[in-house]
Amino acid sequence: MTDELNGPQDPLDVRAALPAHVRPPRAHPNQIARPALTERVRTAALTKRLTLICAPSGYGKTTLMSEAFRALGDAGAACLWLSVTEADRDAAWLSRMLTAQLARLFSLEALPGEDFASLAYRATVGMGPQGGPAAAPVVVLIDNWNFIEAPSTNRFFDQLLIETDDLVNFVVSSRGVPEFMFETWRMAGAFTGLGARDLAFTNDEAAQILAPDGGRDLSLSLFGLVEMTEGWPAAVQLLRLALDQTDGAAARGMDLSGPKSDVARYLSKAFFNHLPAPRQAFLRDIALLEEMTAEMIDEVFGRQETQQRFQNLPKDDYFITETVEGSGRYRFHSLFRDFLLSQRQAGADDAARDVYARASAWHLKRGEHEQAIGYALKAGGDDVLAMIEDYGDSRLALDGKVFLFTQWIDTLVERGTDLSDGVKHWWLWSLVFSGRWRDALAVQNRLDDAAHPVIAATLSAFSDDQPTLRRTVDRWLADGAPGSAFNQCVMYCAAAVAELAQGSFDSAQQSMHRARFAIDKTDFSYGRVWVLALTAFTSLLKGKVNEGGLKAREAIRTVEALMGPHAPIARVARLVAASVEWYACDDEGAISDLEKAEQSDDEHGLPLIVVCAASVARALSLNWKERRLENHLRSPAINLIREAYRLEAVTQKDVDLAVLEDAVAVFDARMDAAKSADPHFLAHGWQLRDLNIGIQARLQIRRGNLEQALNLLVPGITDAQRKGRGLADMQLTLLRASALYRMGKQATALRLVIQCAETAVRDGLYRPFLRERRFIEPMFKQLAEAGERTPLGNNPRAWRRFCDLLGLEVRAEARLVQTAEAHDAGFQITEREREMLEFLDGGLSNQEIGVRLGIAVPTVKWHLHNLFSKIEVRNRASAVRLARDLHLI
């Protein structure tokens, strides 16, 4: 039977309709092998619930997916492939296709009404050891999700992830980021994302492609090549085709910029010259526009037939792509646009300026001020200065487009344009918020309003001038916190920065609360992101890593949605996210965010955030990132904190004691010199004090001076607990436990370690256990035994991750629990159901269980219903009582 709308109703009919969907494309004979990237996807497919590959057309997503599919098959993994088209945009039809494919994979027949999750459970249970599920999950690869993305299909996929539990992993490719609940899986360490930058060719790969025989020396120009082609695999391979027509000398000396490149000549001979003259003229004209729509082209060029002609361009593969899927806005690949602009006739500048002026008017009429000003600058009209000043007065503080604003002013300054006082004011404001401190200091001396509290506070906060920041904030508060809601937001954020530097977490949170209240009165997106980033960083310092991770991701989503991924504040948010992820032992996420932070030669972060992120970069062996970050640390205090982070890492390693003593002696001398220069130097240096206590305590423990170590640690722990510094509290407490254990007080030491483990599992703060491993490892066996019966932190999944990170040898438990008593009673429960019993034993509500597992409350109820039916009870209390009697928990 077949439904005309939704396709075949019988899974067997679906199988017959699938041949074009279920096989990956064959490898091309000249396909470029990318083994490292393929292995990355293969590994993620086997270890992560969701792997998402997002990039525009032409980046090789399907090729990568098909190579990963073949690699998974070679490794013996059970995997299935599904290529989808627009005709598959139906959740019910998609479910039937997946179910039919899974049935075919395992040579099963789908039962009437059986869905994919149920079939997956039936197919995999019994394949593993002791009759449990398969050791490796089934991997489902879905290519081109962008063709079927819709609220209904996205909801279907989210539910599929939840219902298949750990039995099935998914790899999905899409041109845009789907509206999946992937943040839930990311926070659980079960998500990997790859974007265009991950798929883009590197210099080494480009060298391999362009010089397969080693005969070409392109080492000096490869960086320009990759930058110019946007790393687009199709474009790099196009360049190789062009180079194949040149001799070695021409290849070595060629210019990779603009119209002189061999790629441009190749495009001309092999592609452009074969087009009809009207099509050539049309492409040359619209290349003047950075982004375009059919409506815009009609109005700017006075055409009427653009809509149909323009819609055919992407289909004809004229190196044009939609900026956002479904937006109707398009752009050329930069390489092809450069070529088209080179084809314009000499002396056509006046015509181009007219086009720019009309494009500016078109955008201005629609309220798109940034695009309007950009085209107005190209047109060179007299009204651009007034447009920029109006943008500063009405939009700049709200939208946070400070980096773009500084580019506009730089252009005017290069032209020798006289700037108005209003534009100069916003120029200074933009320089401050874009991290160009030297330029801001040079400009502020020319302005009468340089002492404005907002500018003074932000400049001193970002340029590491804590005394000026504190004075400015105190003076503003003493005057009654005057100014607009925007001013109040900035100043309360500055106050929070000053209070964080002093270790006053409660005061900092109050200031951030006031900043949020001010934000609610206006549309200050820049301030909203700052509050989220500061809140996330404060949560990290308090040891609340899970909470900090949520805030950091929210900050990143907010800034990318409102201001774009390259806004300076986006870098700050990513530095915070990287620090939080590292302390949660998500090294992959930390590396990704550090690389995406894209630090430039200017500073884009607060000193405390930067020095913390630099220590993370050092721990991850990203030395270039560490140097870039540390180049902007100026004050003696912050530089000493940097040195303390470095020395802390040394003291946690198994280095020679004499070497360690020498390093600590040098650090002590620097500390003494700083205190001599300023008796109040450490009055508020809480972070330096905490780091120094840890350094000195580790040294004393290594020397065997355990009483001295405790004399250092106990006051530090008391102060950290009183001030809410949970991160420092855990690190110092673990060292205290180490000293007590060596003194023979094993019971007290183990109690402290267990308390820290419960905190780590509950809040996601795993890193201190790894960092202090050398000192607390003798207690690991007892720690594992303590958590063997009842997982510490009341979260079985988090406890297992904690054990895996530390390599704790815990009692092996099969995924399918089947004790002798349970077997006699006829019960078989899954690991997820056993987790449910443990949560019930801990008194957790359905909502709390859902938060722990990252699933919705209805799904929790569904699991409990299945569990109660299986063990034949009616309520939670009976379930817990029976589970204890049968030793299921």
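Is Tyr 583 buried or exposed? Tyr 583 has a relative accessible area of 2% and is therefore buried, where buried means under 20% relative accessible area, exposed means over 50%, and partly exposed lies in between (1.4 Å probe, protein chains only). The model is predicted, so local features need pLDDT of at least 70 and side-chain atom pairs count only at pLDDT 80 or more, while totals for chains, interfaces and linings use all residues. Residues are numbered from 1 along each chain as its sequence is written, and side-chain values use heavy atoms, with hydrogens and water left out.

A search of the whole structure gives 13 aromatic pairs. Rings of Phe, Tyr and Trp (its six-membered ring) pair if their centres lie within 6.5 Å; planes under 30 degrees apart count as stacked, over 60 as edge-to-face and the rest as tilted. One of the pairs is that of Phe 69 and Trp 81, which is edge-to-face, with 5.9 Å from centre to centre and 80° between the planes. Phe 69 belongs to helix α3 (residues 61-74) and Trp 81 to strand β4 (residues 79-83), so the pair ties together parts that are twelve residues apart in sequence. Helices (H or I, at least four residues) and strands (E, at least two) are DSSP runs, numbered from the N terminus. Phe 69 counts as buried at 18% relative accessibility, and Trp 81 counts as buried at 0%. The rings of Trp 582 and Tyr 583 have centres 5.0 Å apart and planes at 80°, so this pair is edge-to-face. Trp 582 is buried, at 5% relative accessibility.

Phe 116, Trp 145, Phe 157, Phe 170 and Phe 180 form one aromatic cluster. A ring also faces a charge at Arg 774, which lies over the face of Phe 775 at 5.7 Å from the ring centre; the criterion is that NZ of Lys or CZ of Arg is within 6 Å of the ring centre and within 35 degrees of the ring normal.

Strand β5 (residues 138-143) is mostly covered, with six of its six residues buried. In a regular strand the side chains alternate between the two faces of the sheet. In β5 both faces are covered: Val 138, Val 140 and Ile 142 are buried on one side, and Val 139, Leu 141 and Asp 143 on the other. Two strands pair if DSSP finds at least two bridges between them. Strands β4 and β5 run parallel and are joined by five bridges; the bridge partner of Leu 82 in β5 is Ile 142. Five bridges also join β5 to strand β6 (residues 168-174), again in parallel, and Val 139 has Asn 169 as its bridge partner in β6. Together with helix α6 (residues 151-163), β5 and β6 make a right-handed β-α-β unit. Right-handed means that, with the strands pointing away from the viewer, the path from the first strand over the helix to the second runs clockwise.

Tyr 121 is found in helix α5 (residues 116-124) and counts as partly exposed, at 35% relative accessibility. Tyr 121 and Thr 164 are 43 residues apart in sequence and 7.5 Å apart in space, C-alpha to C-alpha. Leaving aside neighbours within four places in sequence, Tyr 121 is in contact (heavy atoms within 4.5 Å) with Leu 167 and Thr 830.
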